[in-house]
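Colleague: I have a few things to ask about this model. Can we go through them one at a time?

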Amino acid sequence: MPRNLAPTRKPQRGIAILTVLVMVALVMTLAAVIFARQSRAVRQQDNYQSLERAWQYALSLEQFVGMELQRDAKSNQYDALNEGWATVLPSLPIEEGSGVKVGEFSGKLEDLQGRYNLNNVINEEGLLRPDQQIALQRVVSSAKLPAGFASAVVDWLDKNEVIFDGEGAESDYYLSSAIPYRAANMAFSDVSELRLLRLELSNEDKTAALQRLQAMVTTLPVQATVTTVNANTASAEVLKALGLSSQQAELILSERETDPYETAQDLADKASLTSEQKLLLGVSSQYFRLQGEVRMGRARVHLNSVFFRAPNKPIRVIMRQFQRVDDPKPPATDDASNTPAKS
């Protein structure tokens, strides 16, 4: 007779152990996911807090610069590179509590009137200033750009749709491009707009030429009178671009190092300026740009603010950006511009 075999439990025990292992693995995986998410949330919260604190310190830096500009305005009626506002701040520590370092900041202040204002070409009504067209042509020529580029600048600024001359361009020219757009027919808001203007050069030559031009120009608001270039802060290239001879530019640069020009008349007498040059040059400034950086932990805030300082009035910030804004440099491949490029 066959014997009754007792049922074995080994397969059941194996399945139970495997089930337990799977559950343990699932629990460990879930715990790891929860821990990773919590760690990421903690890091994000810490980064947000550091970023918020960095913003506050950046705005404090802005207020400090405004106070320095106000103090400078009370001390004299000119602006020069040997004054306190022109000092470049190195990386300095930010300390809280009992001297604990929590971050660092740096910054520099630039006189925007050390460059030629492209918006001088038009007045408050948007009409052309004939005397400034000559200055514009000289600046364009100094940057080794084709003379016709000055016409493109004029057409971009004036409020009509009539081409200034054969080398200019209005909306009909730009609308025929692969990516159509219109001429601004108003003042420049930023020097980067120059990249949109008609300029028939190869990409490499266009990039180099625009970089040279952007180093000499700025885009300040249009005023009733021409925004003068501060001879105490302008570079030799800018001074020569405005029609000064090499001897005049060298004289200004050498004298202002130890004895800045205090009045426009003093500048005109010592540098033997012509009547045309007197209208373009001055010794004081109203527009300044702060480029600052605050670092706290992983957070980093770049601050770029433009100050307007009018006589006997509070200083106003007329532009603020929380990002790095260096002198614009067009890319090697100028895809954003629709102007044809020669290969």
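Colleague: Which residues does Thr233 touch, not counting those up to four places away in sequence?

Modeller: Thr233 touches Asp79, Ala80, Leu81, Trp85, Asp111, Gln113, Gly114 and Arg256. Contact here means heavy atoms within 4.5 Å. Keep in mind that this is a predicted model, where local features need pLDDT of at least 70, side-chain atom pairs count only at pLDDT 80 or more, and totals for chains, interfaces and linings use all residues. Residues are numbered from 1 along each chain as its sequence is written, and side-chain values use heavy atoms, with hydrogens and water left out.

Colleague: Where does Thr233 sit?

Modeller: In the loop between β5 (229-230) and α6 (236-241). Helices (H or I, at least four residues) and strands (E, at least two) are DSSP runs, numbered from the N terminus.

Colleague: Is Thr233 buried or exposed?

Modeller: Thr233 counts as buried because its relative accessibility is 13%. Buried means under 20% relative accessible area, exposed over 50%, and partly exposed in between (1.4 Å probe, protein chains only).

Colleague: What joins the side chains of Thr233 and Asp111?

Modeller: A polar contact of 2.6 Å. That term covers a pair of N or O atoms within 3.5 Å; within protein, one must be able to donate a hydrogen and the other to accept it, and residues adjacent in sequence count only if both atoms are side-chain atoms.

Colleague: Salt bridges next. How many does a search of the whole structure find?

Modeller: 15. A salt bridge is a side-chain nitrogen of Lys or Arg within 4 Å of a carboxyl oxygen of Asp or Glu. One of them pairs Asp72 with Arg309 (3.3 Å, N to O). Asp72 lies in helix α1 and Arg309 in the loop between β8 (299-308) and β9 (316-321), so the pair ties together parts that are 237 residues apart in sequence. Both Asp72 and Arg309 are buried.

Colleague: And what about Arg289 and Glu110?

Modeller: Their side chains meet in a salt bridge as well (2.8 Å, N to O). Arg289 is in strand β7 (residues 287-296) and Glu110 in strand β2 (residues 100-111), so this pair links parts that are 179 residues apart in sequence. Arg289 is buried at 12% relative accessible area, and Glu110 is buried at 18%.

Colleague: Which partners does Arg198 have?

Modeller: Glu200 forms a salt bridge with Arg198 (3.1 Å, N to O). Glu200 counts as partly exposed at 33% relative accessibility, while Arg198 is buried at 19%. Elsewhere, salt bridges that share partners join Lys101, Glu104, Glu293, Arg295 and Arg300 into one network.

Colleague: Changing topic: which residues touch the most other members of the largest nonpolar core?

Modeller: Leu145, Phe149, Leu194, Leu197, Leu242, Leu267 and Leu281, out of 53 residues. A nonpolar core is a set of buried Ala, Val, Leu, Ile, Met, Phe, Trp, Tyr and Cys residues joined through side-chain atoms within 4.5 Å. α3 gives the most to this core, with seven residues. There is also a second, separate core of 17 residues, including Ala54, Leu69, Leu109 and Leu290.

Colleague: Last one. Where is Arg182, and is it buried or exposed?

Modeller: Arg182 lies in the loop between α4 (171-175) and α5 (203-214). Arg182 is exposed, with a relative accessible area of 59%. Leaving aside neighbours within four places in sequence, Arg182 is in contact with Trp156, Ser171 and Leu175.
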